[in-house]
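Open the model in your viewer and keep the selection tool ready. We will go stop by stop.

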2 protein chains.
Amino acid sequence: MNYYGSYVSRLIEEFSRLPGVGVKSAQRMAFYVLNGPADRAEALAAAILEAKNTSKYCKHCYNITDDDICYICANSKRDARTLMVVESPQDMAAYEKTKEYGGLYHILHGAISPMDGIGPNELKVKELLARLDADSPIAEIILATNPNIEGEATAMYLSKLLKPLGLKITRIAHGVPVGGDLEYVDSITLMRALQGRLEI
Amino acid sequence: MNYYGSYVSRLIEEFSRLPGVGVKSAQRMAFYVLNGPADRAEALAAAILEAKNTSKYCKHCYNITDDDICYICANSKRDARTLMVVESPQDMAAYEKTKEYGGLYHILHGAISPMDGIGPNELKVKELLARLDADSPIAEIILATNPNIEGEATAMYLSKLLKPLGLKITRIAHGVPVGGDLEYVDSITLMRALQGRLEI
């Protein structure tokens with residue numbers, strides 16, 4: 001029912017399409033826009049259009065950036081011999097937050113998932129291979145796809161694809177998360193933590 | 001840190017201003033916009049601007065509407081003798097959903113709250129009085145402001161203001177909510193439910 005007129009109803013509908021937003025939250029957002037100053041609504045609308053129309057992929061790593069090359073690839077202090085392959089820009093950001101990784105990234109924009117019709121051709125795999133040509137300085141590729149079925153399948157696929165190139169291919173370690181409680185960790189993770197044990 | 005370029009960062013910031021949206025949710029929303037088709041982003045931006053710029057208050061009840069007069073006030077089948085005073089369009093919608101109320105509404109757009117600097121002049125109180133002139137058909141005013149401190153104060157204020165006009169002034173009943181468990185109902189509500197008991 002169209003209690004507040006068609007424009008507000010449409011705004012509620014548009015907000016409720018966003019991930020994690022139900023009708024009640026969408027309604028709160030719509031009334032926040034209606035009750036706020038006009039320049040706040042304009043700033044939100046402009047930010048949506050600008051981000052959508054102006055952001056582009058970095059030519060090297062396929063991160064999202066304002067310029068042709070992202071701030072990580074443009075930074076000559078980063079170690080160009082190490083390349084970490086991740087599924088999404090958010091995963092890249094998660095590793096950047098650790099401030100422990102000084103190499104470069106390659107963003108696949110997804111993971112292999114035959115159920116959703118996503119194969120290597122839908123990902124930035126060709127683009128990854130193009131970065132590994134003869135005069136590339138890359139010596140190690142770290143496969144940091146997600147530790148779920150799709151991410152593991154992608155890591156497996158890439159390791160088979162890249163092994164013949166003679167590079168060092170590694171996968172981030174599986175194990176018990178720091179701060180966790182062994183009692184609540186699933187058996188597969190416990191098993192992997194045992195298999196991956198290191199001498200101290 | 002500006003991981004995804006300035007445009008995406010600005011979009012994340014704008015989304016996180018919306019009520020109930022944290023940085024993580026704002027990031028998910030921004031990537032939803034980035035990864036979706038351009039016409040979805042345009043539809044969202046257009047809906048924000050249209051709702052903000054085109055929606056107006058109903059001349060009679062101050063509901064939000066596309067036209068000068070809202071669909072409730074324009075409906076001649078509604079009982080013009082009864083007027084329900086509510087704080088917000090959402091409260092009006094909540095009563096409309098019951099399909100039990102056939103009268104008209106008046107929306108105050110807030111409640112008296114001296115702490116927030118909101119007095120009767122910040123609400124649509126003058127506009128309510130203007131509706132109660134000599135040739136108005138209104139015979140009963142139902143005060144349906146929220147059952148909290150501000151809503152009660154507003155109801156009290158309006159009842160004192162409107163009593164001299166010789167109209168029937170009523171307040172929605174306080175009591176135990178249907179489907180609730182007495183054990184978990186607060187003492188004031190239990191007391192009000194006892195005071196307001198009806199013969200069956």
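Select A:Asp67 and A:Thr65. The backbone nitrogen of A:Asp67 sits 3.0 Å from a polar atom in the side chain of A:Thr65. A polar contact is a pair of N or O atoms within 3.5 Å; within protein, one must be able to donate a hydrogen and the other to accept it, and residues adjacent in sequence count only if both atoms are side-chain atoms.

This is a predicted model: local features need pLDDT of at least 70, side-chain atom pairs count only at pLDDT 80 or more, and totals for chains, interfaces and linings use all residues. Residues are numbered from 1 along each chain as its sequence is written, chains are lettered from A and ligands numbered from 1 in the order in which they are written, and side-chain values use heavy atoms, with hydrogens and water left out.

Stay on A:Thr65. It belongs to strand β2 (residues 64–65) of chain A. Helices (H or I, at least four residues) and strands (E, at least two) are DSSP runs, numbered from the N terminus. A:Thr65 counts as buried because its relative accessibility is 4%. Buried means under 20% relative accessible area, exposed over 50%, partly exposed in between (1.4 Å probe, protein chains only).

Now show what touches A:Thr65, leaving aside neighbours within four places in sequence. Its contacts (heavy atoms within 4.5 Å) include A:Cys58, A:Cys70, B:Tyr4 and B:Gly5.

Move to A:Cys58. It is buried, at 0% relative accessibility. How many disulfides does the structure hold? Zero, over all chains. A disulfide is a pair of cysteine sulfur atoms within 2.5 Å. For A:Cys58, the nearest cysteine sulfur is that of A:Cys61, 3.8 Å away.

A:Cys73 is buried, with a relative accessible area of 18%.

Jump to chain B and pick B:Tyr71. This residue is in the loop between β2 (64–65) and β3 (79–86) of chain B. Is it buried or partly exposed? B:Tyr71 is partly exposed, with a relative accessible area of 33%.

Last stop: helix α4 (residues 89–97) of chain A. With three residues, helix α4 gives the most to the lining of the largest pocket.
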